[in-house]
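Subject: Structure handover

Hello,

The structure you asked for is below. My notes on it follow.

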Amino acid sequence: MKRNFLITFLLSLCCFISIKAHTINRETVNSTNHSPKALAEVCFNRVHNGWAEIIIPVSQWASNTVTLKIYGQGGSLINGANGVTFDTNTLTKVSANGKEYYFLKGMPIGGNQNGETFTYEVSSPQDAAVSKTFAPLASNEQANIAGASTQCIAKAAVCFNRVHNGWAEIIIPVSQWTSDKVILKIYGQGGSLINGANGVTFDTNTLTKVFANGKEYYFLKGMPIGGNQNGETFTYEVSGPQDAAVSKTFDPLSSNEQANIAGASTQCIAKAAVCFNRVHNGWAEIIIPVSEWTSDKVILKIYGQGGSLINGGSGVTFDTNTLTKVSANGKEYYFLKGNPVGGVQNGETFTYEVSGPKDAAVSKTFDPLSSNEQANIAGASTKCIPKAAVCFNRVHNGWAEIIIPVNQWVSDKVILKIYGQGGSLINGANGVTFDTNTLTKVSANGKEYYFLKGRPVGGVQNGETFTYEVSGPKDAAVSKTFDSLSSNEQANIAGASTQCIAKAPVCFNRLHNGWAEMIIPVSEWASDKVILKIYGQGGDIINGGSGVTFDTNTLTKVSANGKEYYFLKGRPVGGVQNGEIFTYEVRGPKDAAVSKTLDPVPSEQWSNFEKQKTCITKAGGICVDRNQKNYTMYIPVSEWKGTDVRIRFFNINGDVLSSQDFASPSTEIYNGRNCYKISGNAGTDVQVIIEASSQKNAAVHMVLDTVQSLCYEGACGGNNNWELTGNTATDPSYNFIGTTDKQSLVFKTNNVESMRIDSNGKIGIGTKNLSCTDCSNYRLFVKDGIKTEKVKVEVASANGWADYVFHPDYQLLKLEDVEKHIREKGHLPNIPSAEEVVKKGIDLAEMDAKLLEKIEELTLYTINLNKKNTELHQKNAELGGKVKTREEMIKTLLQKVEVLESGKKKSSNSNTVKTHE
């Protein structure tokens, strides 16, 4: 028994010693690995997506290879059957604290690796394995801290900033970067490299180099390859042949607003406070403070919705000395404008970015502008910088007029650019430049304005949408988009519109052969010139390159309705003009253009005198007798101002054949009217158009065959009868209804006299008796009454009205005297009796005044009675108070009497009792 116990104890002791020895041996192996030399002091740092960076001291590594093995949570090798082997001469070699280190990075194969625990190990044929186990990094924040960690080795203090479409900008301190290369690697959510197999390598001498806080920084920007990148998480990393990798992980930016905040963020480095403003067709304007921009270049890059560059492979570069430079709030700004290459750009989201060789990129993302209204608000927006309050007005054929306040325009040039529906420039490669000293300058509301007009190059432009823009070397661009004007009526409303600036209310009237007349109010025309331009159906000027200029002092000046008007007449150059539509326009050096588009006038309407009077009254009653080449014209003297007459002849194509002036033609009674008689030779015996005008008379014309007599308004037609259906062109000197002797003019109905006008001008209706003893100055006599809605009686002076009653000196009769007058006379004082009224009638004005006198007297009597009534009320109130006081005294006395009587009664009763006793 004792023997068995002893055997068991010895066996157990042996087992314990064996296990302990094995444990000690395993710990020794773990710590020393039986290496013939000390382990390399390898530093491990787990970063994003299961990746880890390993830093190996060069002096402690014997081999020329490094084998990286990664073990999963179960201990299995998960980065290949034998791990991954690196040649040390291909590894990044970094220096720190006087030592050199190999730098490498690796991760397990495939899958998102954030949520697992891994063991990372490096070894070589001549170097013992060194490993470290890391729990997962639970957040991007931990990954970022790890990616920039300097616990293993010093790293450059790189700053990362994610902006639009998966792009990120990276800012690297120059003094902390050893390499002449920067390798940018971008990792997707699963940890895979997604910007090329080896990332993208930049030479540092090609990178933007910016200054901030006394330091220099490399600035670069990159994004994953392809696709819209807004919705994914990425890790951005930079490294170099001699610089350890630095990385940062970013969640997606969920909105343009976040992208814009990031694009202008100064969290990494100071940036210029650039302002962006999206306007029409994908174009955007960019305003850069001059004092905040270091470079002499500005590189504009535009990115599409997917993040691709869409305005050229490297964007567009501008020299700052060629940019518009505007001033506002005491600062100077560069102003530039750009758009993507090709296509209508209204419906897409774009990111606009500016950078320079010495300036970090600044960007902003814009959603599309869905309407012209939004584009117009943006085109005139002053949110970035003050702009001139330019007014645009689209008129005919794609033309637009632009009105610019002089005091808000700094430049001595105005550059007009017009953009088509697709956003392309369509009035020349660089637009059209005007010198301000050559522009029309108009005044309105105490201000001066430049006035200019422009259109796209070539073609009929009515059916398209255009954007009109003006800018200057020192003025920011202002623009407005207009839809097409679908009709002449719209063009005419626009051509005469005063929404931008006051314009003269010019009247246009198309006549024969493309000729039109323009009537301009003299009082509303500031210039001493009138420039007439005529535009064809395609919008081209067709009456000379710059139109035709008239001096106002040579123009016909006519009067109508108490106003004076300039009258002129013009047409396109050459050719038969009957069948085309034209736009007629007048302007002056100090007057804005006014225009109207007019359809052709059929030839059968050329002699329509009513149409010729559309704008202004013209001389009527003109007659012409033509026989072959000879003609005689009769012009009623009463219709014509002055004695000068100019006669012009046109052929049927509208060309002027001849012109004849008559200074003081003779007069002759023609068909009952005193007329100027003008005779001459037309110079031709074919059909012509004859026109009469002068410096004071608007032109009147008519078409005449070889032999023809023609009159306007029938006055000279040879029939002197008074028409029962109405008469025109009458002359009161010759045409009238009435008598020429001293007999009365009588009007009868049903052969019974209804009205007469006697030789003295008195009118009787229903009566022949036009006289009375006291009415010799009366003109109208009516029997049986007048029914009317209104009668207005004029009072000769204020003395004829009764307000004198209220004068302080007025002697108001006592009521007793009024009563006595009524009792004795039977009527009110100063009012006629019934007998007088029957005998003489009444004068309405006089009687109304007398009745008002009585009303005003009654008012005074009422006021006096009211005063007396008020006095009586006051006296009654005083008496009432006294009565009340006396009543109270009487009541008090009665109470005292009652007390006395009561005392006597008690005394009497007491005496009675004593007597009984």
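Trp 640 is in contact (heavy atoms within 4.5 Å) with Ala 619, Ile 622, Ile 635, Val 645, Tyr 676, Ala 692, Ser 693, Ser 694 and Asn 697, leaving out residues up to four places away in sequence. This is a predicted model, in which local features need pLDDT of at least 70 and side-chain atom pairs pLDDT 80 or more, while totals for chains, interfaces and linings use all residues. Numbering starts from 1 along each chain as its sequence is written, and side-chain values use heavy atoms, without hydrogens or water.

The largest nonpolar core has 21 residues, of which Ile 622, Met 633, Ile 635, Trp 640, Ile 647 and Ile 690 touch the most other members. Such a core is a set of buried (under 20% relative accessible area, 1.4 Å probe, protein chains only) Ala, Val, Leu, Ile, Met, Phe, Trp, Tyr and Cys residues joined through side-chain atoms within 4.5 Å. Two or more residues each come from β42 (630-636), β43 (645-650), β46 (673-681), β47 (688-693) and β48 (700-704); strands are DSSP E runs of at least two residues, numbered from the N terminus.

β46 also runs antiparallel to β45 (residues 666-670), with 5 bridges joining them; pairing requires at least two DSSP bridges. Tyr 670 has Arg 673 of β46 as its bridge partner. The hairpin has 2 residues between the strands, and Asn 671 takes a positive phi near 50°.

Asp 758 sits in the loop between β51 (752-757) and β52 (763-765). A polar atom of the Asp 758 side chain lies 2.9 Å from the backbone nitrogen of Asn 760.

Regards

Methods
Helices (H or I, at least four residues) and strands (E, at least two) are DSSP runs, numbered from the N terminus. A polar contact is a pair of N or O atoms within 3.5 Å; within protein, one must be able to donate a hydrogen and the other to accept it, and residues adjacent in sequence count only if both atoms are side-chain atoms. Buried means under 20% relative accessible area, exposed over 50%, partly exposed in between (1.4 Å probe, protein chains only).
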